[in-house]
Amino acid sequence: MSLFKTTRRAAMGLVAAAVATLPFQTQAGGHGIDLAGKTVEWIIPFSETGGSAKWANFYAPLLSEALPGAPTVVVKFMPGAGSTKGANFFQEQTYDDGTLIFGSSGSTQFPFLLGDPRVKYNYADWNVVLASGTGGVAYLPPDMAAKMSGLDASGLQGEDFIYGSQGATRLDLVPLLAWEMLGLSVEPVFGIKGRGDGRLMFERGEANIDYQTSSSYLKGVTPLVEDGSAVPMMSWGALDDAGNIVRDPTFPDMPTFKEVCEATAGCETSGEKWEAWKAFFIAGFPAQKMVFLPNGASADAIATYTAAFEAVKARADFAEISSGRLGVYPQMTGDEAKGALKSGTEVPQAAKEFVVGWLEERYGVTLK
Amino acid sequence: MDVIFTALPALGDAWALILQPVVLGYLILGVIMGLCIGVFPGLGGIAGLSLLLPFMFGMDPILGLALMIGMVAVVPTSDTFASVLMGIPGSSASQATVLDGFPMAKNGQAARALSAAFASSLFGGLVGASFLTVFILVARPVVLEFRTPELLMITIFGLSMVGILAGRVAIKGIVAAGLGMLIGTIGEGASSGDLRMSSYDFPYLTDGLKLVIVGLGIFAIPEIISLLRQDRAIAKEQALGGGWLDGVRDWFANIWLSVRCSIIGVIVGVIPGLGGSVVDWIAYGHAVQTTKDKSKFGSGEVRGVIGPESSNNAKEGGGLVPTLLFGIPGSGSMAIFIGAIALLGSGQIEVGPAMLKNNLDITYSIVWLLALANVVGTVICIAASGGIAKLTTIRFALLAPFLFMIIAFAAFQSGQNLMDLVALFAIGFLGIMMRRFDWSRPAFLIGFVLSNPAETYANQALQIAQSRFRKGFGEGIDYIFSPIVIVLLIITVISVVVGLRQAKSILAEGDVKSGSKRAPLAFLLIVTGYIAYALFDAASIPSFSRDRTFPMFVACVCLLGCAVLIIRMMLKPETDTVFADRERHGDDSEATHGLWPTLAWFAALLVLTALLGFILALGLFLFSFLRIRAGLSNVAAVIYTASGIAFMCAMAWLLNRDFPPGLLQEYADLPWPLT
C-alpha cells in the first residue's frame, strides 16, 4: 500500500511537472494546445439541477486552472429527452480548436446500450479524457434487515417490497435486476424525480427498500443508519484492475451484491442474468460520468486535456475537496479512462438482448 | 426544553454571523443582482444562481450564503413588477398576482398595487422566517407525515381553486382546467415513459411544455396583443392615481389576510414535492373566500394582490425545510443552491438530515439571511415602484416590441430551441382565443401546473395502497385515510361548494358581453376535437401502462363537459352568457387595429427567426415595427433597435446562452451572437 502511494505520488509529481512546463513546450515543440484567452464550453446534457451539474461545476474551475493558458471554462446545460438531445448535438460537432467538451452520464450510456431509437450518437467516435466512477448502496428498514441471516437474503423472499423508481430503463435497472436475482418481489413505484425523492419515500415508510449512489448515501442515509431507521443491505461493489467485482473502497465493511448473491439460494453469479447485470452495473457505476472531446480531436488536444485532468487529480487538496462531492472513487485519465469507456459502452450482445427482453416482459417497456 | 437550550445559542451565533458589515455587504450585492434578474420574466433564481456558481468555489461559507440567499430571496419580490405592470407572470410564484395586479395597473393604480404587493412580500418573508425559527426544530417528523395520499390531497385542494376561478359558466371553467391538464400530460409519461400526443420523430414535445412558455403564452401574449390593438398606454388615465403610501396602507388594512396567507405559504412550502406551483392559487382562493364584496376581483381588488404576494415569499422560507433538512430541493433554484453550498469553503456544510445537528447556526443564518434579504429587497423595490410605474403611461406601441423580445428570450430559456418560440406562439394563440370567448385562463393554468403532480401522486398512491391492501384491509384504509387526508378532504369539499356558489360573482377577467353564436361554437368544437383526439391518443397506449389512465380520465370528464356546453349552446339564444365574445363589445371590438394584423407581427418575428436566426430577425422586427407601427423616424427606430439588440446580447453573454439559429446559419458560419 505504501509503495503504491509512493509511486502514485511520484507519478503525480511528474505529471505536475509536465503540466508546469506545458506552455513552454507549446512554444517549443507544438505538443499540446494553448487555450489562452479562449472559452471552453463544457456541454452537460442535463439541467442545472442534477448530479451531472454538480460534478461539472466541481471540475470546471479546477480544469480552468489546469489547462494551459487558463481559459474560462463554462458549463453549458442542454437538457432534453433524457440527455439524448445533448449527446446527439455533440455527435454532430467536429473538432475545431479544443474549446468544446462534453460530459456524459450513465443516463446517456443506457439508452445507447439498449438501442433507444432516439440515440444518434456513437461513443466510438468520441475521445475520452476523464472517467469518474461511483458506487451504490442498497438499504432496508431495520425490521426487514432483521430477516436476513448474515449474507443470506432468502428470508426476504416472501416480502412485498415497494421501491421509489425513476424508470426501469434508467440506472434503476441495476438495483431492480439485482433484487430480482435475489428472489425479492420488488414493486417499483415510478414517477419520482430523483433518488432523493426515493429516499424520502423510504423515510416516510412508503417504500421499504431503496438504493443511493455513494455520495448521496454518505450524506443522506448514514444519519438514518446512525439513528437506527435504516440498515445497509449491500453495495454494488467496485471493479479491480482485472475486471472483478470487489468490495467498494468507500464501504469496505459492506458486503457486495456478489457476496449476498452467492450466499442466497436461487441467486447465481454466473450465467446470462449475472453477465447482463454485471455489464450494466459497469456501464452505470464504475464508468458513470465521462468527459469527451468531439470526433476528430487532435492528439495534441487529447494530450492537453488528459494532462490537465491529471494535474487536477494531483492537487495536494484534491482528496479533501473531492471526497464530499465525488466520493472516494477513481477519477481515471489516459488508458484507464479508455478502459472504463470500453467496459462501459461495449456490452456483450447477449447481455443487451437479455435486458431488452427482461424490460419488456417484466415492465412492458419497449424501446421503439 | 433541551431543544430550546440548543436553539437559542445557535440563534445567537447566527445573528453574530449575519451582523458583520461584510456579510451585509454581500447580502445587499446579492439582493441587487437578484432584483436585476428577477425583473425579467422567465429568469429566476436558476439563472441567477448559475451566474454566481463559478465564484462559489472555496468562498467563505457565510459570505457565499449571503450572496446566494440575497439573490434567491428577492426573485419572488421583483417578478411582481412584470406581473403587475405588464400582466406577465414573471415566475410560477406570481401567476395569481397578475389577476388583480394588472387590472390595477390598467386603472392607473400601478404604484399602489406594487407597494401593496411589496409590503405583503416583506411581511410574508418575516412571518415565514419567524415561523421557521421555531418550526424547523420539529419539522422533520411533521414533514414525514405527508405521504403520497396527503400530497395528492393537497394537489386536489389546489385544483379545487378552479371552482372559484371558473368564471360565469362553471362547466367552461372545468373544461378549461381539464384542457390545461391534458396539455400538461403531453410528452413522456412519468410512469413507463409512454408518449402522449407526441412522437420521437418530433422530439420537442416529448419533454412536455414548460411552465414558462405556457404561463407567458396564456397570460402575457393575449394582454400584449390586446393592448397593442388598442394603441394606447397600459394605464387608461394619464394621471397615475394611488401613490406607494396608499399601497402600504392597503396592506396594513388587510394585515390579517396577509398573516393567514403567509402561514399558508410557509406550510405549503415546507412540504416537499409541491413547491410554489399551488401556493399562490390557494392564497388567492383564500383571499376571495374571505372577502365580503367579491365583485371587484379580477378588475383590480387589492386583496387579490396582497394574498398571493404574502404567500410567495413565505413559501421560499418554507422551501428551506425540505432543502436543508432532507437535502431534497423544493425547486430548481434550491437544487442549484444545494450544489453551490457544497462548493463553499472546504465543503463542511452538508445539506441533509445531519444539518440540524451539525450546522444549526448555519441553518438559522440561512433562515434569517432570507428574511433580511426580503427587507432590503422590499425597501429598494418600494423606492423604485413609483418611478417604474410610469412605464404604464408610455404609449404601448413603443413598449410592445421590447416585450416581445423579452418574452421570446424568456421562452428560449426552457429549451434554447426555435420550437420554444413556435410553442409560445401556439399557446399564445390559444390564450387569445380563451380570453376572447371568456374561458377561464387561470383555471387552465392551474390545470396545467397541477397536471403532473396530480397524475404522479394519483398513480403512486394507488400503487402503494394496492400493496397495503394486499397486506390487510385495515392497513390500506389507514394509509389512504389518514387524519391529514380527512381534514384536507373536508376543506376541499367546503371550498368547492362555497366556491361554485360564489363563482358567478367573481369575474376574474372582467365582464364580457355575448354576441353571435358561430364563433364561440366553432372554438368549443375545436377544443372538443382536441380533447377527443387526446383521448384517442391516450387510449392507444398499451393497457398495462399507467401512463394512459390519467389523460383518459381527464379527457372523459372534459368531453362530458363539452357535451353539456354544446347542448346548452344549441338550446339557448345568442344572448346567453355561454356565447361570450370579446370581439362584440368593449375595448377589443373598438380597437384601432385588428387581431390578425397585430398577431402577424409576432408571426413575422417567428418566421424571420426560422430563416435568419434570432438576432438578425429581432433587428429587422424591432426596426420595422418601430418604424411602421409605432411611426418613429428612421433615426429613432435605429437607435431603439440597436439598444434592444445590445441589451439582448449582453443578457445572453452574461447567462452564457446562444440564440436559436435559423436556415441561414445552416449555410453560413457567422460569428456570435448571430450563430
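This report looks at the interface of chain A and chain B, then at one residue of chain A, in a predicted model.

## The interface in outline

Together they bury about 4000 Å². Carbon and sulfur atoms give 51% of that area. Three residues stand out on the chain A side. Arg204(A), Glu206(A) and Arg325(A) supply 15% of the area that chain A buries against chain B, more than any other three residues.

## Bridges and polar contacts

Four salt bridges are found across the interface of chain A and chain B. In a salt bridge between the two chains, the side chain of Asp160(A) meets that of Arg470(B), with an N to O distance of 3.7 Å. Polar contacts also cross the interface, in twelve residue pairs.

## What chain A brings

## A buried threonine

Now turn to Thr304(A). This residue sits in helix α11 of chain A, which covers residues 299-314. Is Thr304(A) buried or exposed? Its relative accessible area is 1%, so Thr304(A) counts as buried; the cut-off for buried is under 20%.

Which residues does Thr304(A) touch, leaving out those up to four places away in sequence? They are Gly32(A), Ile33(A), Leu67(A) and Pro68(A).

Definitions and conventions
Residues numbered from 1 in each chain as written. Chains lettered and ligands numbered in written order. Predicted model: local features only at pLDDT ≥ 70, side-chain atom pairs only at ≥ 80, totals over all residues. Heavy atoms only, no water. Helix = DSSP H or I, 4+ residues; strand = E, 2+ residues; numbered from the N terminus. Buried < 20%, exposed > 50% of the residue type's maximum accessible area, 1.4 Å probe, protein only. Contact = heavy atoms within 4.5 Å. Buried area = accessible area lost by both parts, 1.4 Å probe. Polar contact = N/O pair within 3.5 Å; in protein donor to acceptor, adjacent residues only side chain to side chain.
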